[in-house]
Amino acid sequence: MTTDGWRTFCHVSEYDEWGYRNLHRMIAGSDPLVLWAPSSQLLLHSPACRVGPDEFLEYVERGCVQVVAREDWIEKPRRRNAHPWDGAAWDQGIDGTLRAMCREDANEKDLLKRRVAIAPEATGPEAAKRHLADHPETVEELRADLESAARDDRIPPGTLQAARPGERSLEEAVEAILKDAFNHAEAIAYTRSESAILLAAQESAFLRYLIGAYARDRDPGAPGGPPTAQLRAYTNKEINEVLFELLERLEREGPVDLPRFMRSTGREALIEWTRGVAHRLHYEQPEDLRAELSDELRKTLEAGEFPPVLNNPTKLTLTGGLATGIAEAFTSPSLIGLTGLAFGVVEAAEWTLKQMGLKKREYTGDQWPFQYAYASGASIRKQKALLELFDV
């Protein structure tokens with residue numbers, strides 16, 4: 001874990017294929033990723049999931065991922081197998097290992113140090129009933145979400161499935177939605193997460209009730225949780241989607257080697273970059289979020305340089321100023337872009353610099369985009385390729 005960390009909560013199974021398709025990106029960009037009740041069946045069988053079962057368990061063992069769920073999910077295979085959702089079925093290899101970790105860590109008082117933890121029993125059902133009794137107008141507020149053409153954006157898939165609109169009364173569907181909102185808020189507060197990946201449109205009643213419940217239920221003295229206003233900024237669906245889109249764009253250079261990236265210094269740099277972006281967006285409201293974050297990453301890439309340094313002074317026969325000028329010309333990304341000679345120029349430059357007794361200094365910018373995209377450090381060729389990806 002990095003010094004500051006970036007503790008991110010996700011009820012991953014709530015979002016079905018979307019959650020597991022983005023699992024490797026969530027793991028890469030969190031420190032740690034707190035997963036609520038992950039499904040072993042989707043880990044095993046989802047074609048979109050890029051994280052294998054053994055790899056997933058290794059991340060839990062190392063503390064890159066923390067699993068938190070209710071007791072029934074972690075301890076009771078029969079209850080899991082009797083669940084109406086197929087994804088709840090128990091797998092001994094995955095769920096049995098997680099249960100063993102939970103039992104081994106049960107005496108650890110600090111939740112943040114447990115690999116797998118059991119959360120207290122949910123209070124969402126009772127909270128939903130009380131809220132409807134005190135605020136009957138809630139039914140009409142959530143009716144707008146349920147009847148909206150953008151319903152799938154306004155209510156998370158798992159919550160919508162549990163609400164079963166059309167199969168039950170409006171009041172019962174609303175109560176089910178409120179129950180999930182209150183349970184989500186309770187889980188985020190319990191896990192003391194800094195950020196939450198919650199797919200619901202910012203203007204949705206579901207998200208408003210979740211944030212309101214979080215503000216009411218959280219112990220103000222508890223360490224680790226964000227202020228309500230900060231949570232509001234972090235739970236914006238578009239922010240999360242755009243951050244994942246940036247990582248997905250980096251993957252166009254080839255499949256990401258997540259195990260290697262997780263062992264590299266790039267992961268910590270990505271966490272710091274993500275923290276900086278999230279905190280800035282807490283205060284700013286850019287009109288075009290995708291353009292804003294693409295530009296932010298492009299600036300990160302442009303900031304790095306490859307200044308040459310002297311390797312063997314005895315070989316250098318040109319004057320220092322001339323030699324440096326030639327070296328800078330050969331290693332300039334702008335020159336490569338203008339000539340279009342790309343990799344051939346780079347190879348020629350490196351050979352020429354070697355003959356002159358010069359070598360390139362280590363890249364001066366952030367390495368994490370290169371370590372994520374290529375599983376290796378920066379080069380002029382790679383810098384040019386990534387800049388083209390984020391050419392806005």
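Trainee: Which helix holds both Glu 147 and Arg 143?

Mentor: This is a predicted model, in which local features need pLDDT of at least 70, side-chain atom pairs count only at pLDDT 80 or more, and totals for chains, interfaces and linings use all residues. Residues are numbered from 1 along each chain as its sequence is written, and side-chain values use heavy atoms, with hydrogens and water left out. Helices are DSSP runs of H or I with at least four residues, and strands are runs of E with at least two, numbered from the N terminus. Glu 147 and Arg 143 lie 4 residues apart, about one turn, in helix α9 (residues 138-147).

Trainee: How many salt bridges does the count come to?

Mentor: A salt bridge here is a side-chain nitrogen of Lys or Arg within 4 Å of a carboxyl oxygen of Asp or Glu. Glu 147 and Arg 143 form one of them, at 3.3 Å from N to O, and by this rule the count comes to 21.

Trainee: Is Arg 115, which meets Glu 61 in a salt bridge, buried or exposed?

Mentor: The side chains of Arg 115 and Glu 61 meet at 2.8 Å, N to O, and the pair links distant parts of the chain, 54 residues apart. Buried means under 20% relative accessible area, exposed over 50%, and partly exposed in between, with a 1.4 Å probe and protein chains only. Glu 61, at 44%, counts as partly exposed, whereas Arg 115, with a relative accessible area of 14%, is buried.

Trainee: Which residues are linked with Arg 115 in a network of salt bridges?

Mentor: The partner already named, Glu 61, belongs to helix α4 (residues 53-62). The network joins Arg 115 with Glu 61, Glu 104 and Asp 105.
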